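This report describes a single structure, shown below.

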Amino acid sequence: MTSAEEPPVRRVAVFIDYQNCYNAARETFFSPLDPPNLGGINPMKLANVMAAQGPGEYRLEYVGVYCGIAERRKDLKTFQARTKQIAVWQGAGVNVFARPLRYPFGWTLGGDIKAEEKGIDVKLSIDAVMMAVADKYNVAIVASADSDLVPVAEALLELKAKAHGPAVEGIAWRGAGYKKKLGLGGKATITYCWVTDYASVEDSTDYNL
């Protein structure tokens with residue numbers, strides 16, 4: 001094959017729903033009794049592992065992490081840990097969208113009622129679609145098993161069908177049953193992480209220290 005016949009370099013954008021991936025890693029590879037830093041993920045390593053599983057060469061055009069962040073006045077320790085984590089991500093070239101957590105009525109620090117992420121999937125979806133329309137990439141990897149993100153995958157698939165939009169790939173942890181939750185009905189490639197893959201993307205840093 002001559003150089004003129006070689007396939008074009010895949011321009012990849014990776015959109016990571018961080019808490020969802022963290023929860024999936026915890027459920028698949030760890031016990032609830034394990035320290036909370038176990039299950040952490042290095043976003044740039046994850047992006048490269050996922051992109052490399054596709055055909056031919058690739059170039060990461062965008063790696064974005066979408067996550068919640070605690071309110072300083074309510075949970076200073078968690079706020080500081082996430083702030084440290086974000087600084088590490090950004091230092092590696094990751095784009096980070098961190099939205100303040102919502103605290104339901106009755107929430108107390110360490111209590112049974114947990115703070116909630118709100119608007120993460122909406123921001124991820126908007127970014128993925130807007131960047132696709134602007135031709136910023138031609139392969140989208142959505143790193144989440146949240147069924148709330150199925151519409152963005154479907155929107156990208158519709159763009160592909162009508163206007164030569166991007167291909168769509170997803171991530172599911174092998175053995176956790178997350179493929180069913182993503183629910184794209186065979187319309188998109190689902191890229192699976194094996195245990196060895198997780199070992200190559202793991203970030204076990206305790207950002208609380």
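## The largest pocket

Helix α3 supplies the largest share of the lining of the largest pocket, namely five residues. Helices (H or I, at least four residues) and strands (E, at least two) are DSSP runs, numbered from the N terminus. The model is a predicted one, in which local features need pLDDT of at least 70 and side-chain atom pairs count only at pLDDT 80 or more, while totals for chains, interfaces and linings use all residues. Residues are numbered from 1 along each chain as its sequence is written, and side-chain values use heavy atoms, with hydrogens and water left out.

The volume of the largest pocket is about 1,000 Å³. Among the 31 residues that line it, Gln19, Tyr22, Pro36, Thr78 and Arg82 are the closest to its centre. A pocket here is an open set of points on a 1 Å grid over the protein atoms alone, where a 1.4 Å probe fits, with protein on both sides within 12 Å along at least five of seven lines; lining residues have an atom within 4 Å of a point. At least two lining residues each come from α1 (18–29), β2 and α3 (76–91). By type, the lining divides into 13 nonpolar, eleven polar and seven charged residues.

α3 has 16 residues and reaches 22 Å from its first C-alpha to its last, close to the 22 Å expected at 1.5 Å a residue; the expected span is 1.5 Å times one less than the number of residues. Its buried residues are Phe79, Ala81, Arg82, Gln85, Ile86 and Trp89. These lie on the same side of α3, because they cover an arc of only 165° around the axis. Buried means under 20% relative accessible area and exposed over 50% (1.4 Å probe, protein chains only); the arc is that of the directions from the helix axis to the C-beta atoms.

The buried residues of α3 pack against α1, α2 (43–52), β2 and β3. On the face turned away from the buried side, α3 carries the exposed residues Lys77 and Gly91. In α1, which has twelve residues and reaches 16 Å from its first C-alpha to its last, the buried residues are Tyr18, Asn20, Cys21, Tyr22, Ala24, Ala25 and Arg26.

## Helix α4

α4 (residues 120–133) has 14 residues and reaches 20 Å between its first and last C-alpha, close to the 20 Å expected at 1.5 Å a residue. Ile120, Asp121, Leu124, Ser125, Asp127, Ala128, Met131 and Ala132 are its buried residues. They cover an arc of only 165° around the axis and are therefore on the same side of α4. Met130 and Val133 are exposed on the face of α4 turned away from its buried side.

The buried residues of α4 pack against β1 (10–17), β2 (58–69), β3 (95–100) and α5 (150–163). One of the buried residues of α4 is aspartate 127, which counts as buried because its relative accessibility is 15%. Leaving aside neighbours within four places in sequence, aspartate 127 is in contact (heavy atoms within 4.5 Å) with Phe15, Tyr62 and Tyr66.

Although it is not a glycine, aspartate 135 has a positive phi of about 60°. Most residues other than glycine have a negative phi.

Notes
Points joined across faces, edges and corners; volume = space filled by probe spheres on them. Nonpolar A, V, L, I, M, F, W, Y, C, P; charged D, E, K, R; others polar.
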